[in-house]
Amino acid sequence: MRRDVAVIGGGLAGLSVALAFADEGFDVALAAPSPPSDGRSTALFGRSVAFLQRHRLEKPVRERGAPLAVLRIIDDTGRLLRAPPVEFRAAEIGLDAFGINVLNADLTALLAERLRVHPRVTWQESLLQSMESGADTVSLTLENGVRIRAGLVVGADGRNSPVRTYAGIGIRRWSYPQTAIVLNFGHARPHGNVSTEFHRRSGPFTQVPLPGQRSSLVWVERPDEAQTLRALSSEALSALVEERLHSTLGAVWVESGMQAFPLSGAQALRFTAPRIALVGEAAHVFPPIGAQGLNLGMRDAEDIVKAAMQHRDDVGGAAMLSNYEASRKTDVTLRTVGVDLLNRSLLADMLPAQVARSAGLGMLSALSPLRRFAMREGVVPGAGVSGLPRSLRGGRE
């Protein structure tokens, strides 16, 4: 079959980019097995919410998710120099909420439902077997025997991307001496749409609201401590979560389905090769800190489709890929550096690092113009100075 675009990978980034292309009139082949169940949640901000609006998904996502009206940071390191609490309120920059926290399983189901009935999408539930590049197209063979020719292949096939390997694109990887524990839990007191991030010496301990009196938790610990936590009974783990939350949500009951991931990061040395582009974790891998991963993946989807629309005469050609590469490098690199510095500042016991971190958070707490700048920039990159025009900067310029 011949298609404008072939998307390899059926995670949230792959489903998002396939829908974005199809909704703009491109014929899309999606090659991916049915998405697995995923109990984690994702906080969507700024341009990600605008992406949902543009593709008629905002309302069902809001119905299944919880708004994030307040983001709170509490220094729980117990160190001599501790920063004051910092509270970011969406109302302070004229928003009802910074974004929406939604279960990955719910978001995946909504995207998959749209794609399965989309007239411009052909979904092959099969893995990629081989690729062969030509001057104007790439020929793909899937494990089910189906052959696809496309002007552009989008690798959305995860951190160990076969598409990236085929394209010969190198990747820089790094790791942290930490493990992220991810779980959902119920609690006795309402969360009030407040997300609280406790900064601990081992890493962030972050509670994020879910609908009702439920929340998700990203708990970063030393690997040995994480192993111990995974062996606890449900009752003991629930009591410990309540203790780490300082009982702000009352009694806690941890739900089944806890997951643990070694913390690591990665960035592809480039995001394109002839007739090939990378999105999502094929291009960049983030630890679950600061809600960057999928938000960057959705910005990848937005920018690659924008580049394709500017070059409809040659989708996948050199000019289009150059535009996409240029649009993503700075955003990804700045977010990578920011998340890395935040995480390493918690691990650093050196006094100068503690002073710098405490001073930075102290200034955010005390200076409202700086705090508003940080909030705007956090919601939409580049909006710190200009505010949040055009519905969270979702409109195409």
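The chain of this predicted model contains 12 helices and 20 strands. Of its 397 residues, 54% are buried. The chain exposes about 16,500 Å², and carbon and sulfur atoms supply 54% of that area.

Let us turn to how the chain folds back on itself. Consider the contacts between residues at least 6 apart in sequence: 72% of them join residues at least 24 apart. One pair of positions shows how sequence and space can be compared. Thr165 and Ala282 are separated by 117 residues in sequence, yet their C-alpha atoms lie 9.8 Å apart in space.

I shall now take one sheet as an example. As a reminder, strands of a sheet pair through backbone hydrogen bonds, and the pairing may be parallel or antiparallel. In what order do the three strands of this open sheet lie? The order is E3-E7-E4, with antiparallel pairing. Strand E3, residues 41-45, and strand E4, residues 66-68, are the edge strands, since each of them pairs on one side only. On average, neighbouring strands of this sheet are turned by 30° against each other, if direction is ignored.

Within this sheet, please look at E3 and strand E7, the latter covering residues 99-103. Five bridges join these two antiparallel strands. In this pairing, Ser41 stands opposite Leu103 in E7. A helix also belongs to the picture: helix H2, residues 47-54, packs on the sheet and touches both E3 and E7. The direction of H2 makes about 90° with that of E3.

Is Gln207 buried or exposed? Its relative accessibility is 2%, and because buried means under 20%, Gln207 counts as buried. What surrounds this residue? Leaving aside residues up to four places away in sequence, Gln207 touches a number of others, among them Phe185, His191, Val194, Leu217, Leu245 and Leu249. Ser215 is also one of the residues that Gln207 touches. Here the two side chains make a polar contact at 3.2 Å.

Thr165 is part of helix H5, residues 162-167. Its relative accessibility is 58%, and exposed means over 50%, so Thr165 counts as exposed.

How values were computed
Residues are numbered from 1 along each chain as its sequence is written. This is a predicted model: local features need pLDDT of at least 70, side-chain atom pairs count only at pLDDT 80 or more; totals for chains, interfaces and linings use all residues. Side-chain values use heavy atoms; hydrogens and water are left out. Helices (H or I, at least four residues) and strands (E, at least two) are DSSP runs, numbered from the N terminus. Buried means under 20% relative accessible area, exposed over 50%, partly exposed in between (1.4 Å probe, protein chains only). Contact means heavy atoms within 4.5 Å. Accessible areas come from the Shrake-Rupley method with a 1.4 Å probe; for residues, only the protein chains shown count as cover. A polar contact is a pair of N or O atoms within 3.5 Å; within protein, one must be able to donate a hydrogen and the other to accept it, and residues adjacent in sequence count only if both atoms are side-chain atoms. Two strands pair if DSSP finds at least two bridges between them. Axes are lines fitted to C-alpha atoms, for helices over the stretch in contact, and angles run from 0 to 180 degrees between N-to-C directions.
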